[in-house]
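The sequence and structure come first.

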Amino acid sequence: MPCDYESLAKLGSIMGSGGMIVMDETSSMVDVAKFFMEFCMDESCGKCVPCRVGTAQMHELLRQISAGEATARELALLEHLCEVVKSTSLCGLGQSAPNPVASTLHYFREEYEAKIAAGEAAAAGHTPPAGGAA
Ligand code: SF4
């Protein structure tokens, strides 16, 4: 695949400042989303509430999911915040902050669900399902 603006746009992606991150199948997509949300949270100027509060809330929800402390309720709240922060933030930073979450939820939703299932199994005193502790 050509690595240019038009080719990436056809795939629904964007070319930023030129960085490219290569990951293999051992990378946790939940943790990848958490990493990028922490960046956006730190870079938020704080002028508008959706970005200032929303990125912090999304980061906390991602932390809970990653740590196995979340339920389907937190996942639903995370998805809702993706829409709210994207549609109500004032500038491009806040408007694009949910992208890594929305993208990983679209392509790797099973990783989020596995984290939640593993956490719920552990809380119930059961052995986590195969792959759930990833
Ligand atoms: S969306 Fe833009 S203006 Fe609003 S807090 Fe984030 S960086 Fe500041």
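## Ligand shell and helix packing

Sorted by class, the residues around the ligand are six nonpolar, four polar and two charged. The model is predicted. The shell consists of Ser44, Cys45, Gly46, Lys47, Cys48, Cys51, Arg52, Ser89, Leu90, Cys91, Leu93 and Gly94. At least two residues of this shell come from helix H3 (49-66), and at least two from helix H5 (92-96).

A second topic is the pair H4 and H6. Helix H4 covers residues 72-88 and helix H6 residues 99-123; their axes lie 11 Å apart at an angle of about 170°. Angles over 145 degrees count as roughly antiparallel, and H4 and H6 are therefore roughly antiparallel to each other. The residues that make the contact are listed by helix.

| Helix | Residues in the contact |
|---|---|
| H4 | Ala72, Leu75, Leu78, Glu79, Cys82 |
| H6 | Val101, Ala102, Leu105, Tyr112, Ile116 |

By class, the residues of this contact are nine nonpolar and one charged, with no polar residue.

Ile116 belongs to helix H6 and is one of the residues in the contact with H4. Is Ile116 buried or exposed? Ile116 has 22 C-beta neighbours inside 10 Å, and the cut-off for a buried residue is 20 or more, so Ile116 counts as buried. Leaving aside residues up to four places away in sequence, Ile116 touches Ile65, Ala70, Thr71, Ala72 and Leu75. Gly68 is 48 residues from Ile116 in sequence, yet the C-alpha atoms of the two are 5.6 Å apart in space.

Technical notes: Residues numbered from 1 in each chain as written. Predicted model: local features only at pLDDT ≥ 70, side-chain atom pairs only at ≥ 80, totals over all residues. Near = placed C-beta within 6 Å. Helix = DSSP H or I, 4+ residues; strand = E, 2+ residues; numbered from the N terminus. Nonpolar A, V, L, I, M, F, W, Y, C, P; charged D, E, K, R; others polar. Axes fitted to C-alpha atoms, helices over the stretch in contact; angles between N-to-C directions. Parallel < 35°, antiparallel > 145°, perpendicular 65-115°, else oblique. Contact = placed C-beta atoms within 7 Å. Buried ≥ 20, exposed ≤ 12 C-beta atoms within 10 Å, placed from the backbone.
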